[in-house]
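Trainee: Please take a close look at one part of this model for me, and then carry on from there into whatever else can be said with care.

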Amino acid sequence: MSMQLLRRPARALTVSALALAISGCANLGVQDEPELPTTAAYPKGQAIVLLLPTGAEGPLSTAVDAIQAGYAAALARDPGDRGKPSTEDTSRDALAAYETAAAASPPPVIIGPLLKKNVNAIAASRSEPQPAMLALNEANQSREGMYQFALAPEDEAKTAAQIINNLAETQSGALSTAIVYPRNDPWGERMRTAFVSALDATPVAEVAYAGNRIGALTDEVAEADIVFMVARPDDAARVYAGLGGSGAGMPVIATSHAADNKADAADMAGLFYVDVPWLVDKDMAREYIARGPNKPDADHTKGELGRLYAMGIDAYYLGGLVANANGAGSMPLALPAGMTGDLSFTTTGRLRSRRLSLGRIGEGGVPGPAAAQEIAAQAAVSGAAQASAETEES
């Protein structure tokens, strides 16, 4: 569907109608209360092996701790758990660790490894659907009985595009979109490609900004009703300011990176962003914590470590699904309303989709959940104001 040719004077009423039409989709982008199973229901007697680089040091060691803590929290609050997993260290030889785990009888369910190079090595050597496996990264190839669970940043761009697509479906031709992203940055280019590929309509503008020379971006996105902003944490506040900041008029949706810089949060009031439900909806996270016996470390409720803690939670429940699919090769699996998003896997074990939650930074830099109707309402106000201004000029 093509949406970029409609000009503002003709669409003020259309966008206003959009805000009303979207009222039936108020929860789009907002995850419901946790729908994790009451128990992961691992088969009785099922052995579980975690493949993780527990011998690593530095940031990788901290990441492993967060995943293990999330897994342990899920295990501790599961009334039907069958016991603790064993762990094989992959920091020296991941393939050897896998082969040691896979040789056990009866076969365990394997969760891990974490590093992409290790997942690739195991995928290349694996020829049988046994043992059932949930890798914590994505391999370059699929293998029967091997599910691949990764927290790809591109999922954030795809979720933002899907929110916009769903808004646009209420009124064909009602919305136009622009994207701003960092020039000469491979990460920024991957995010741009993921967003544009998932968007139903061609953006009216694709604006590449350069490092410290961001400047004013408002004129370059003037034809857009919605702007998707790709920026690293240290750049997010300046890019948002270049788009007009809280006075930008049109809604701006960013990746989770914009919400990670707490020092600049107050300067980003009004900014929408997508992130894992564990970080967007603090009430949901607090409710989950209250149901279990263990309180997480403060670092596990924010930023990148929070995402990995949430990954550990979801890995525990996904492991149960994978274990129960054991012997059937690969079959589609789904974990609705997981802490890292709504998850679904294909018959080849690939992650088909990971729908994230929509948040918004409020006054004073306080983030919280948001609904897509808020984007539609802001677009309606911005479109009407621009149409009025252009009518007066003519």
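Mentor: In the hairpin formed by E12 and E13, five residues lie between the strands, and Gly 349 takes a positive phi near 85 degrees. This is a predicted model, in which local features need pLDDT of at least 70 and side-chain atom pairs count only at pLDDT 80 or more, while totals for chains, interfaces and linings use all residues. Residues are numbered from 1 along each chain as its sequence is written, and side-chain values use heavy atoms, with hydrogens and water left out. Helices (H or I, at least four residues) and strands (E, at least two) are DSSP runs numbered from the N terminus, and two strands pair if DSSP finds at least two bridges between them.

Strand E12 (residues 341-345) pairs with E13 (residues 351-355) in the antiparallel sense over four bridges, and Asp 342 has Arg 355 as its bridge partner in E13. E12 also pairs with strand E11 (residues 333-338), again antiparallel and over four bridges, with Leu 333 bridged to Phe 345 in E12; here the hairpin joining E11 to E12 runs through two residues. Five of the five residues of E12 are buried, so this strand is largely enclosed by the rest of the structure; buried means under 20% relative accessible area, against over 50% for exposed and partly exposed in between, with a 1.4 Å probe and protein chains only.

With strand E2 (residues 86-89), E1 pairs in the parallel sense over four bridges; Leu 50 stands opposite Thr 87, and Leu 52 is bridged to Asp 89. These strands belong to an open sheet of five strands in the order E2-E1-E3-E4-E5, with parallel pairing. Its edge strands are E2 and E5 (146-148), each of which pairs on one side only.

At 1% relative accessibility, Val 64 counts as buried. Val 64 and Leu 305 are 241 residues apart in sequence, yet their C-alpha atoms are 9.4 Å apart in space.

Finally, helix H3 (residues 94-102) packs against helix H4 (residues 116-125) at an angle of about 50 degrees, with their axes 9 Å apart, where axes are lines fitted to C-alpha atoms, for helices over the stretch in contact, and angles run from 0 to 180 degrees between N-to-C directions. That makes H3 oblique to H4, since angles under 35 degrees count as roughly parallel, over 145 as roughly antiparallel, 65 to 115 as roughly perpendicular and the rest as oblique. On the H3 side, Ala 94, Leu 95 and Tyr 98 meet Asn 118, Ala 121, Ile 122 and Ser 125 of H4.

Technical notes:
Contact means heavy atoms within 4.5 Å.
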